[in-house]
Amino acid sequence: MPASHLEPHTTVEIIDTLSHGQIDLQGLLPWSTNYTFLGVVTRGEVQLLAVYKPCAGERPLWDFPTGTLCQREVAAYCVSAALGWDLVPPTVLREGPHGPGSVQLFIDCDAEQHYFTLKESHRETFKMMAIFDALLNNTDRKGGHCLIDRNGKVWAIDHGVTFHPEPKLRTVIWDYAGESIPPKLLEDMASMQAQLEQHGTVADRLAELLSADEIQAFEGRLAELLEAGRFPEPNSDWYTVPWPPV
């Protein structure tokens, strides 16, 4: 069976394999809104299980430009990596069997576990995830989008409906609303803010994946969170919890 978590490969090896390896599709994953395939990606002696979401298989949405969800998946990974938070599995944008799409490392997880079963034992990780979703303006953080792998690490998946320029945060993680953001997370966010002002950093990659107004809104959310120093609170102007919650 191909590897489905980071060990024993480095992140660089995983990204290289996902980007350039041969994709052999195994079938559709069930219960997905858009066409989502499980595949084996092979490059040399490295084989990985991966999730392939082709642009052509995206269901049109009224509030997101058609064919951009896969780019948002990759942008979420870029932000996670730039923050040093390691929340999103390695994800790339590339040509696949059904055209361009996102290819993300498959996480071999305990299917019985989700946010509501894990939140008490992984509070620090979920504080990080709550801020991450606020930065991304995630419109669909369900409990089932929080996975725990066989090594006990928590991951965040499904970021296709993120980075909208208008406020749309919808999540199940409101446990920390109004609390102070931990200093280490603020330090990481300030570091990312500095990166966004430099060429050759995450700023250039986001410019390839998102529109100018989406990037401007992202930078604005980052600045607001840094200034407030507190977790966001639910807004009564829209539905702030996704349905179903898991």
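Trainee: How many bridges join strand 1 to strand 2?
Mentor: Keep in mind that this is a predicted model. Strand 1 covers residues 22–28 and runs antiparallel to strand 2. One of the pairs is Asp 24 with Val 40 of strand 2. The number of bridges that join strand 1 to strand 2 is six.

Trainee: Which residue of strand 3 is the bridge partner of Thr 42?
Mentor: Strand 3 spans residues 46–54 and pairs with strand 2 in the antiparallel sense, over seven bridges. Within that pairing, the strand 3 partner of Thr 42 is Gln 47.

Trainee: Which residue takes a positive phi in the hairpin of strand 2 and strand 3?
Mentor: Look at the two residues between the strands of this hairpin. A phi near 65° is found in the hairpin at Gly 44.

Trainee: Is strand 2 mostly covered or mostly uncovered?
Mentor: Strand 2 runs over residues 37–43, and buried here means under 20% relative accessible area.

Trainee: Why do the buried residues of helix 1 line one face of the helix?
Mentor: In helix 1, residues 11–20, the buried ones include Ile 14, Thr 17 and Leu 18. They line one face because, seen down the axis of helix 1, the buried residues fall within an arc of 95°.

Trainee: Which exposed residues does the face of helix 1 turned away from its buried side carry?
Mentor: First, the buried side: its residues pack against strand 2, strand 3, strand 4 (91–96) and strand 5 (99–105). On the face turned away from that side, the exposed residues are Val 12 and His 20.

Trainee: What space lies in the largest cavity?
Mentor: A search of the whole structure gives two cavities of 30 Å³ or more. The largest cavity has a lining that includes Trp 174, Tyr 176 and Phe 231. By class, this lining has nine nonpolar, one polar and two charged residues. The space in the largest cavity is about 80 Å³.

Trainee: What volume does the second largest cavity have?
Mentor: Among the residues lining the second largest cavity are Glu 58, Arg 59, Phe 64 and Gly 67. The lining divides into five nonpolar, two polar and two charged residues. As for volume, the second largest cavity has about 40 Å³.

How values were computed: Residues are numbered from 1 along each chain as its sequence is written. This is a predicted model: local features need pLDDT of at least 70, side-chain atom pairs count only at pLDDT 80 or more; totals for chains, interfaces and linings use all residues. Side-chain values use heavy atoms; hydrogens and water are left out. Buried means under 20% relative accessible area, exposed over 50%, partly exposed in between (1.4 Å probe, protein chains only). Helices (H or I, at least four residues) and strands (E, at least two) are DSSP runs, numbered from the N terminus. Two strands pair if DSSP finds at least two bridges between them. The arc is that of the directions from the helix axis to the C-beta atoms. Contact means heavy atoms within 4.5 Å. On a 1 Å grid over the protein atoms alone, a cavity is a set of points where a 1.4 Å probe fits but cannot get out, and a pocket is an open set with protein on both sides within 12 Å along at least five of seven lines; lining residues have an atom within 4 Å of a point. Grid points are joined across faces, edges and corners, and a volume is the space filled by probe spheres set on the points. Ala, Val, Leu, Ile, Met, Phe, Trp, Tyr, Cys and Pro count as nonpolar, Asp, Glu, Lys and Arg as charged, and the others, Gly among them, as polar.
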